[in-house]
Amino acid sequence: MINLPMNSKTEKMQTEDDEFERLLNKFLLDMDAEAVGGEDQGETENVEDEDIKTDDEETEDDDIDLDFDLEDYPEGSVEFNERNSVKVEILKPFRHPREELKKLVGCKNIKQQIGDLLLFTTYNRAMAIGNPGWKEHNVSLHAIFFGKPGTGKTTVCKIYGSLLKEAGALSKGHVVVCGRGTFLGSNWGDEEKAVRQVLEMAKGGVLMIDEAYLLNSAHPNDPGKLVIPMLMDILANEHYRDIAIVLCGYKEPMQQLLDLNAGLASRFPNRFEFADFTVDELMEITRRRVGEYKYHFTRTAWVKYKTILAEAYANRDANTWGNARFVANLLEHIYLAHAKRCVRYVREEDSPYLKRCFAITPADIQPIEVPKPKPHIGF
């Protein structure tokens, strides 16, 4: 075989072929949707054991940068003037986002939708690299997350950004979390300043606007009404292709927002609906959260906890039920009662009862108030 010398053109073609083969192989490996969308159904109860055990491996810290440095993240504040600024939360991507997606409790439809979008994105990129001049599909990364508080929207948004980074669709994969208050300053024109600053922060990642419908109130002079049209105008610029916008909120007011703006609806074709967790799913969330502290329930405590949770769930208000947030609040009360009961053991380093501090007993568990109905949210 004769090896011909390679010029710059042939070297470039070889590089593109290698990249195409890598992406295509990755795409084919990902074709099994279960690899992305499968659920990890762990046992919530083990009646054979004295205590309800938790999985230590689920406490591993995955909230770590991918392959870029801390300085790659923008500062988290919007500056209106020297005296007026607003802090902005910035979430760093997961190291292993596919594992995080598979570990999610419930959310079967969400996992499948994200898996499908990732496969299409990877296919589109591989075809474009392997076939110069090929007309790429217009794959929009912008999304609407419909759902109540505590249904996992922020967690999924973080996974979403990390996965898009992993697939090469975004360069960083971080998430910038905003709300109505992020964009409204004290002077006319502050809205545009805020929009441009948060878009710069989110470049390479995801801009998440929580309760986005609050930007479109019934008041005709509400400055919040300017924010979403500004976003749409700026995003039309090719300079902002490396970004995904996620609008979040309750389904009904979010749908009203989309109905009022046909252009907005067309730019956000990806719709993800987050349902309430079931009691069993909330029990699984509980099991994982207490495992972060190496705690475990005794069998009788586990039964008491489930009874309290099931009663609160049965009497929940459809508009105020907190889902995983209710679990978090209930656990905070349990941790406090547990600490009061066990503090005498930790004061003595050699106490033979020190190991008892990891067991949550029925005495630690008391009901908390279930949120009452709030006024209807709408326009």
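**Notebook: loops, sheet, core and pocket**

I began with Asn323, which sits in the loop between helix H12 (299–314) and helix H13 (324–346). Helices (H or I, at least four residues) and strands (E, at least two) are DSSP runs, numbered from the N terminus. I note that residues are numbered from 1 along each chain as its sequence is written, and that side-chain values use heavy atoms, with hydrogens and water left out. The model is predicted: local features need pLDDT of at least 70, side-chain atom pairs count only at pLDDT 80 or more, and totals for chains, interfaces and linings use all residues.

**Entry on loop residues**

I looked up phi for Asn323 and found a value near 55°, positive although the residue is not glycine. For context, most residues other than glycine have a negative phi. Asn323 counts as buried at 0% relative accessibility; buried means under 20% relative accessible area, exposed over 50%, and partly exposed in between (1.4 Å probe, protein chains only).

I then turned to Cys107, in the loop between helix H3 (97–103) and H4. Phi of Cys107 is near 60°, again a positive value in a residue other than glycine. Cys107 is buried, with a relative accessible area of 15%.

Tyr353 lies in the loop between H13 and strand S11 (359–360). I recorded Tyr353 as partly exposed, at 39% relative accessibility. The C-alpha atoms of Tyr353 and Cys342 are 9.1 Å apart, and the two residues are eleven residues apart along the chain.

**Entry on the sheet**

In what order do the six strands of the open sheet stand? I read the order as S4-S6-S7-S8-S5-S9, with mixed pairing. Two strands pair if DSSP finds at least two bridges between them. Strand S4 (89–91) and strand S9 (270–274) stand at the edges with a single partner strand each, so one side of each has no neighbour in the sheet. Neighbouring strands of this sheet are turned by 20° against each other on average, direction ignored; axes are lines fitted to C-alpha atoms, for helices over the stretch in contact, and angles run from 0 to 180 degrees between N-to-C directions.

I followed strand S6 (residues 175–178) to its partners. S4 and S6 pair in the antiparallel sense over three bridges, and Glu89 has Val177 in S6 as its bridge partner. S6 and strand S7 (residues 206–209) run parallel and are joined by four bridges, with Val176 opposite Leu207 in S7. Val175 and Val177 point one way from S6, Val176 and Cys178 the other way, and all are buried.

**Entry on the core**

The largest nonpolar core holds 36 residues, of which Phe183, Leu199, Leu207 and Leu247 touch the most other members. Such a core is a set of buried Ala, Val, Leu, Ile, Met, Phe, Trp, Tyr and Cys residues joined through side-chain atoms within 4.5 Å. H8 gives the most to this core, with seven residues.

**Entry on the pocket**

I looked up the second largest pocket, which holds about 750 Å³ of space. On a 1 Å grid over the protein atoms alone, a pocket is an open set of points where a 1.4 Å probe fits, with protein on both sides within 12 Å along at least five of seven lines; lining residues have an atom within 4 Å of a point. Its lining has 22 residues, and Asn138, Val139, Ser140, Leu141 and Arg241 lie nearest the centre. Helix H4 (residues 108–130) gives the most to this lining, with three residues.

Definitions and conventions: Points joined across faces, edges and corners; volume = space filled by probe spheres on them.
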